[in-house]
Amino acid sequence: MDWKFDGITGSFDRESIQRGYKVYKEVCAACHSMNRIAFRNLQDVGFSEEDVKQIASSYQVKDGPNDLGEMFDRPGVPSDYFIAPFDTKEAAAASNNGAVPPDLSLIIKARHDGANYVYSLLTGYQNGEHDENDLYFNPYFSTGRLAMAPPLSEGMVEYDGARQATVENMAYDVINFLQWAAEPELERRHKLGLKVVAYFIILTVFFVLTNNRIWSKLYKKK
C-alpha cells in the first residue's frame, strides 16, 4: 500500500485519520481498547476543542471515590483516556470466543510491517468462512485462523462527502488512525531528521573545504 506516512518525508493524512477514528469508534471500540490515547490528543489531528469536549462527554467514566468512599460515573472530559470496552481480561475473553482482543494503541508498531499487515488482515477474510470452532479463515494471520469475525462490511460506517464506505476504504482510514496513535511524533521526528541531515551536509562541506585549504598550503610549501 502507498501510505502517506511512509518515507523520511512522510506526514499524516489528517482527513483520513479523522475518518479512521470514526471507524474505530463505531466498529473497533466494541472489542478493542486504546489505553494510551486521551480524548484531548484528537486535537492533534484536526478535531476542534469543542469537538473533543463533545466526544469526551458522550462517554461515562467511572471515578472516585467520593466523600462517601463510593465510586461514581461522570461524563468524560478531554483529559480522560479512551474508555475500554471491558473491565477485565476475563470479560473480554468471554465475549470474544475465548480470545482477548489486543489493545490497539501500539498495534502498528507491535507487528512486523504493521500498517500493511493490519490492512491485509482486515481485508483478507475469506467471505466470513469459519471452522467448527468458530475460528475465521484469514491467510494473513499467523495460524490462518482467528477468533475475530470479519469486523468490516460494506457501508457499515456513514462517511461525510463522496467517499464510499467500502471495506478497503474503511481499512485504509483506520490504519492511518492507528499509525498516528502508535507514533504521534512521526512528523516532528521526520522534520528533526531532515534538519540533522542538512546540518551534517553543511558541516561536511565546510570540513572538506577547510581540509583542502589547509593541505593546499602545505603542498605549496613543499
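Tutor: UniProt, in an unreviewed entry, lists residues 15-122 as "domain: Cytochrome c", an annotation that may be inferred rather than shown by experiment. The model is predicted, so local features need pLDDT of at least 70 and side-chain atom pairs count only at pLDDT 80 or more, whereas totals for chains, interfaces and linings use all residues. Residues are numbered from 1 along each chain, and side-chain values use heavy atoms, with hydrogens and water left out.

Student: What makes Tyr-24 and Phe-82 an aromatic pair, and of which kind?

Tutor: Rings of Phe, Tyr and Trp (its six-membered ring) pair if their centres lie within 6.5 Å, and planes under 30 degrees apart count as stacked, over 60 as edge-to-face and the rest as tilted. Their centres are 6.0 Å apart with 20° between the planes, so this pair is stacked. Tyr-199 and Phe-200, at 5.5 Å and 70°, are therefore edge-to-face.

Student: How do you know that the charged end of Arg-19 sits over the ring of Tyr-159?

Tutor: The rule asks for NZ of Lys or CZ of Arg within 6 Å of the ring centre and within 35 degrees of the ring normal. The charged end of Arg-19 is 5.9 Å from the centre of the Tyr-159 ring and is listed as sitting over it.
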